Amino acid sequence: MIRNQEQFDAVIKADQRIESDDWMPDDYRKTLIRQIAQHAHSEIIGMQPEGAWITRAPSLRRKSILTAKVQDEAGHGLYLYGATETLGPDRAELLDLLHTKKQKYSSIFNYPSPTWADVGAIGWLVDGAAIMNQVPLCRCSYGPYGRAMVRICKEESFHQRQGFQIMLSLAEGTNEQKAMAQEALNRWWWPSIMMFGPPDTESVHNARNMAWGIKRYTNDELRQTFIDASVPQAEVLGLTVPDPDLNWNDERGHYDFGDPDWDEFTRMVRGEGEMPAARIRTRLEAHNEGAWVREAAEAYATKQQRDAA
C-alpha cells in the first residue's frame, strides 16, 4: 500500500497503478475527480441528442439499436460516477454539481441534432473522437478509472460502427439522403475536432496529467490521429470533409488541416447560448421525475439488509 509521496512517485515512474486506498497528492485526487466526474456528466447529458430520435428513428430496428446505445451511455455514466466515488465525493454530490453548473460536461453536447443523419454523424465522429481520447485512458495510472474504461471503450466501438453504418446507408441512398449526410458531416466535423481540447500550447492540464500517467498523448497528437483515421472514412462514404485546408502531407505522413473556430469552442465550454440551459433543464426534469424510483430502490435495499440481518 502506498503511504507517502516517495512511494507514489515510484509507482508512477514504474507505470503501475494507484488504487483508491493508496496515499495520493491532493492535486492528483482533485484532477481525477474533475476529469472523471466531467466524463460521467458527459455520458449522461450525451444521451439527449440521440435520445430525442428514438421515437423518430426510421424503422423498428433503428429504434431498438438506438435505444440500446442510449442505454449504454447511461451505464457508462454509472461506471464513471462509481469510479469518482472511490475518490471521496458521493453520487448525490456529483449530480448536484452538474445540475447547478458547478462542474462541466463535454461541450460537444451543446450542439443540436436536427436530422436523422445527425445520429449517424454523432456515432461516427463524436464517438470516434471519444474512442481516440478514451482508449489510452484504459492505461490510466488510477486503477478504478482505467478498469472502467475497458468496458466503456468496447461498447463505444460498437457505437462508432453503428454511426458509420447509418451514414453509409444515407450516402448510398437518394440524392436527398446523401445531401442530409453531407450536411450532418458539415455540422459535426469541426466540433469533433475540438473535442480533443485546445492546442497543446494553450492547454493548462496536458503536461501534468501526462507526468502523472493520467493521459498518454497530448491534445494535438490525438487530434492528428483522429483526422488521419476519419478522412479516409469520409472518402469511403463519398462525402467531403468541410476543411478547404485539408491536404495529405507526404513529408509528415499525416494530413495537414485548418484551424477550428477556437472562439466558438470557448463559448461552448462556457455554456453560452440556449442549448446548454435546455440540456440541464431536461436533465433536472428527468432527475426529479425519477425520484420515486430511487426512493423505492433504497427502501427495497434497506428491507433486504434488514431481512438478511
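Predicted model: local features only at pLDDT ≥ 70, side-chain atom pairs only at ≥ 80, totals over all residues.
Residues are numbered from 1 along each chain as its sequence is written, and side-chain values use heavy atoms, with hydrogens and water left out.

Student: Let's start with H2: what are its end C-alpha atoms apart, and why does that agree with its 20 residues?
Tutor: Helices here are DSSP runs of H or I with at least four residues, strands are E runs of at least two, and both are numbered from the N terminus. The expected span of a helix is 1.5 Å times one less than its number of residues. For the 20 residues of H2 that comes to 28 Å, which agrees with the separation of its end C-alpha atoms, 28 Å.

Student: How many residues of H2 are buried?
Tutor: Buried means under 20% relative accessible area, exposed means over 50%, and partly exposed is in between (1.4 Å probe, protein chains only). H2 is largely enclosed by the rest of the structure, because its buried residues number 14 of 20.

Student: At what angle do H6 and H10 pack?
Tutor: Axes are lines fitted to C-alpha atoms, for helices over the stretch in contact, and angles run from 0 to 180 degrees between N-to-C directions. H6 covers residues 116-134 and H10 covers 219-237, with axes 10 Å apart. Their packing angle is about 145°.

Student: Is the crossing of H6 and H10 left-handed or right-handed?
Tutor: You call a crossing left-handed if the near helix is turned anticlockwise from the far one by less than a right angle, and right-handed if clockwise. The crossing of H6 and H10 is right-handed.

Student: How many nonpolar residues does the contact of H6 with H10 have?
Tutor: Contact means heavy atoms within 4.5 Å. The H6 side includes Trp124, Leu125 and Met132, and the H10 side includes Leu222, Phe226 and Gln233. Ala, Val, Leu, Ile, Met, Phe, Trp, Tyr, Cys and Pro count as nonpolar, Asp, Glu, Lys and Arg as charged, and the others, Gly among them, as polar. By class there are no charged residues and 5 polar ones, and the nonpolar count is 9.

Student: How many residues has the largest nonpolar core?
Tutor: A nonpolar core is a set of buried Ala, Val, Leu, Ile, Met, Phe, Trp, Tyr and Cys residues joined through side-chain atoms within 4.5 Å. Ile18 and Trp189 are among those with the most contacts inside the largest one, whose residue count is 74.

Student: How far apart in space are Trp189 and Val241, C-alpha to C-alpha?
Tutor: Trp189 sits in H8 (residues 175-194) and is buried at 1% relative accessible area. Its contacts beyond four places in sequence include Leu125, Ser230 and Val241. Trp189 and Val241 are 52 residues apart in sequence, and in space the separation is 7.3 Å.

Student: What is the phi of Asp15?
Tutor: Most residues other than glycine have a negative phi. Asp15 is in the loop between H1 (5-13) and H2 (26-45), and is partly exposed at 44% relative accessibility. Though not a glycine, it has a positive phi of about 60°.

Student: And where is Lys101, with its phi near 65°?
Tutor: Lys101 also has a positive phi in a residue other than glycine. It is exposed, with a relative accessible area of 56%. You'll find it in the loop between H5 (91-99) and H6.
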